[in-house]
Amino acid sequence: MVVSIRSLGLTGISGYEVAVECFLSGGLPAFDVVGLPDAAVRESRERVRAAVKNCGAKFPVSRITVNLAPADQKKEGTLYDLPIFLGIMTAAEELKKPADDAAFLGELSLTGALRPVRGVLPMALAAVRAGIKTLYLPKENAAEATLAEGLTVYGVATIMDLVAHLRGEALLTPEENWIPHEEIENLPDLKDVMGQENCRRALEVAAAGNHNLLFIGSPGAGKSMLAKRLPSILPDMTRQEALESTEIYSVSGMTDSRHPLLTHRPFRAPHHTVSSVALSGGGAIPHPGEISLAHNGVLFLDELPEFSKDALEALRQPLEDGEVTITRAAGTLRLPSRFMMVCAMNPCRCGWYGHPSGKCTCSAASVQKYVARISGPLLDRIDLHVRVPSVEYEAMRRKTEPEDSATVRARVNTARAIQQKRFEGTGISCNAYMTPSMLAQFCTLDAAGEKLMKNAFDKMGLTARSHDRILRVARTIADLDGAERIDPIHLSEAIQYRNTDILKG
């Protein structure tokens, strides 16, 4: 007798349907799993055997063949334990075949308890697309699965509970849809930053339009302090953005039953010793890296010139295309990577070049060699270049409290709402991702603006890319002012953020 149980699988961060086919036949007792299983899937034989015996059932003494279809796609993980168990029990006529519109997934312990698995959200979304109506999975994963609207989700604690439910002896209660709870986040606040008005303004512009930002200054000037306060002024996530980011975190095993959905934009800050593979993603079986974990959020690179050349150059294509392509022997994987890159660096190796104290001991050649670690193409993809001057004593002792993050965030949300309305139905969410045709439509300049832009293009040696990025930043500044058109004052501010000469002191 052949029994087919519906289940799900993962490829990258996308789910797909898997049919778990079980066949019991005569001959010497054996238990084979086919369909390109990895080691974790093959080991399910022992987990299932022990779980069946420990729950009081009789394990069939026959030749058991389990096929995971489609058989030409690699299967990995422990999530097939539960459907294999059900297939064997149904083929042995210990249980009735489950409904055709039900799917099962979960890892079994030797005692029959169900343990949580990774990647539940993308698999639940795939279940909805496949027409599955009911999903049974471990209790700890149930809240995350309810985020895929259109499913009846049952959280199962043990296989004994599931068997009793399928037999009609003790029915399980469907999981209620998870609703985000209002949580107070103690994020670092901008009111802690004394002085640095120009840097605070640049941070606000970057957050409003999702523009890339580079802070350059001597040690202790406040570069990292400013960057770490960026999450407190980032705009609210839309539900679509939250689901996209949560899918990546779910596959990486970074969600839990208390926080199944990301409600705040990611902020990733890898150490400068990170490898290019850890940054872009990969491995024998490709998995998301830091730039994908920062999707719809921020990637903060502190001490930018200290990162390896390979790691920095790996950022170029994702910054331009909004996705990263990973090719390995196991296959090719495309991962989303629309993030805001925020960088901080010293002007030279000792850090004091251009400081009023005159502490710098670096030669002009060593300064040039240090800043040359950042390639021109990467620098061209950074929208705002901002010098962070040393804080003056008077600013440190100021009695008035600077503007707090909540006030700045309200302005950022207002500007982002304008952008979402402007790009509605286009798949674009903010000014940083405007296409050339959108630039022509929404970034028109008057005669004074055209003259100003031409002078800047000629004198600063701008590229076509930097020209477009200046227009995008100017559009964001105009949105913060609530202006319909880009005025020369908005364009002037955007141009002064494009000063690459600050890299040379």
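User: Hi! Strand E1, residues 2-11: how many of its residues are buried?
Analyst: Seven of the 10 residues of E1 are buried, so the strand is mostly covered. Buried means under 20% relative accessible area, exposed means over 50%, and partly exposed is in between, with a 1.4 Å probe and protein chains only. Strands (E, at least two residues) and helices (H or I, at least four) are DSSP runs numbered from the N terminus. This is a predicted model, where local features need pLDDT of at least 70 and side-chain atom pairs count only at pLDDT 80 or more, while totals for chains, interfaces and linings use all residues. Residues are numbered from 1 along each chain as its sequence is written, and side-chain values use heavy atoms, with hydrogens and water left out.

User: Thanks. Which sense do E1 and E2 pair in, parallel or antiparallel?
Analyst: Antiparallel, over 10 bridges, with E2 covering residues 14-25. Two strands pair if DSSP finds at least two bridges between them. Thr11 stands opposite Ser14 in E2. The two strands form a hairpin with two residues between them, and Gly12 in that turn has a positive phi of about 65°.

User: What else joins E2?
Analyst: Strand E4, residues 63-69, runs antiparallel to E2 and is joined to it by seven bridges. Cys22 has Val66 in E4 as its bridge partner. Val66 is also the bridge partner of Val33. Strand E3 (residues 30-34) pairs with E4 in the parallel sense over five bridges.

User: Switching to helices: which residues of H4 are buried?
Analyst: They are Val120, Leu121, Pro122, Met123, Ala124, Ala126 and Ala127. With seven of its 10 residues buried, H4 (residues 120-129) is largely enclosed by the rest of the structure.

User: Now the parallel sheet. What's the strand order?
Analyst: It goes E11-E14-E17-E10-E18, five strands in an open sheet with parallel pairing. E11 (267-268) and E18 (384-387) are at the edges with a single partner strand each, so one side of each has no neighbour in the sheet. E18 pairs with E10 (residues 213-216) in the parallel sense over four bridges, and Leu213 stands opposite Leu384 in E18. Helix H7 packs on this sheet, touching E10, E17 (340-345) and E18, and its direction makes about 160° with that of E18. Contact here means heavy atoms within 4.5 Å.

User: What angle do H7 and H20 pack at?
Analyst: About 100°, with the axes of H7 (residues 197-209) and H20 (residues 464-481) 9 Å apart. Axes are lines fitted to C-alpha atoms, for helices over the stretch in contact, and angles run from 0 to 180 degrees between N-to-C directions. The two helices are therefore roughly perpendicular, a label for angles of 65 to 115 degrees.

User: Which residues meet there?
Analyst: From H7, Arg201, Glu204, Val205, Ala208 and Gly209 meet Val473, Thr476, Ile477 and Leu480 of H20. The C-alpha atoms of Val473 and Ala432 are separated by 7.6 Å, though the two residues are 41 apart along the chain. Ala432 is in the loop between H17 and H18, and counts as buried at 16% relative accessibility. Leaving out residues up to four places away in sequence, Ala432 touches Gly209, Asn210, His211 and Arg472.

User: Last topic: how many aromatic pairs are there?
Analyst: Five in the whole structure. Phe423 and Phe442 form one that is edge-to-face, 5.7 Å centre to centre with 80° between the planes. Rings of Phe, Tyr and Trp (its six-membered ring) pair if their centres lie within 6.5 Å; planes under 30 degrees apart are stacked, over 60 edge-to-face, and the rest tilted. Phe423 sits in the loop between H17 (405-422) and H18 (436-442), and Phe442 in H18, 19 residues apart. Ring pairs also link Phe104, Tyr136 and Tyr154 into a cluster.

User: Where does Arg422 lie?
Analyst: Over the face of Phe442, at 5.8 Å from the ring centre. Arg338 lies over the face of Tyr433, at 4.3 Å. The criterion is NZ of Lys or CZ of Arg within 6 Å of the ring centre and within 35 degrees of the ring normal.

How values were computed: Parallel < 35°, antiparallel > 145°, perpendicular 65-115°, else oblique.
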